[in-house]
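Reader: I have a model open and want to learn how to read its features. Where do we start?

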Amino acid sequence: GARSGTVSHFLLGVRSPSSYRKGPDGEPIFFSFCKVGTGYNLRELRDLQVAFKDHWRVYQTNRPPKYFELAKGAAQRPDVWLPK
């Protein structure tokens, strides 16, 4: 389909409050909370892909970003991620 082979779904995260847990470098942690795959048209999706194409980083399950925490028991893992 039109979305094949591109980033088309997004695993979203929310930043922890500054008074809550922090990552190893003292920075706030981002917690995953939902996946979005609809609600935008192909033009909007292409605009997002173009805007972020130079920023995507491959997600390595053995070396996830230090300030990221996926929901406990979540089967979803991102293929790529954006640095903060």
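Author: With burial. Buried means under 20% relative accessible area, exposed means over 50%, and partly exposed lies in between (1.4 Å probe, protein chains only). Phenylalanine 10 has a relative accessible area of 18%, so this residue is buried. A word on the source: this is a predicted model, where local features need pLDDT of at least 70, side-chain atom pairs count only at pLDDT 80 or more, and totals for chains, interfaces and linings use all residues. Residues are numbered from 1 along each chain as its sequence is written, and side-chain values use heavy atoms, with hydrogens and water left out.

Reader: How many aromatic pairs does a search of the whole structure find?

Author: The rule first. Rings of Phe, Tyr and Trp (its six-membered ring) pair if their centres lie within 6.5 Å; planes under 30 degrees apart are stacked, over 60 edge-to-face, the rest tilted. The search finds seven pairs. In one of them, the rings of phenylalanine 10 and tyrosine 40 have centres 5.9 Å apart and planes at 70 degrees, so the pair is edge-to-face.

Reader: Which parts does the pair of phenylalanine 10 and tyrosine 40 tie together?

Author: Elements come from DSSP runs: helices (H or I) need at least four residues, strands (E) at least two, numbered from the N terminus. Phenylalanine 10 lies in strand S1 and tyrosine 40 in the loop between S2 and H1, so the pair ties parts 30 residues apart in sequence. Tyrosine 40 is buried too, at a relative accessible area of 14%.

Reader: Which rings are linked into a cluster by ring pairs?

Author: Phe30, Tyr59, Tyr67, Phe68 and Trp81. Tyrosine 67 is buried at 12% relative accessibility, whereas phenylalanine 68 is partly exposed at 24%.

Reader: And pockets? How much space lies in the largest pocket?

Author: Work on a 1 Å grid over the protein atoms alone. A pocket is an open set of points where a 1.4 Å probe fits, with protein on both sides within 12 Å along at least five of seven lines; lining residues have an atom within 4 Å of a point. Points join across faces, edges and corners, and volume is the space filled by probe spheres set on them. Here that is about 740 Å³. Of the 28 lining residues, the closest to the centre are Phe10, Leu11, Pro78, Val80 and Trp81. Elements giving two or more residues include strand S1 (10-15) and helix H1 (42-52).
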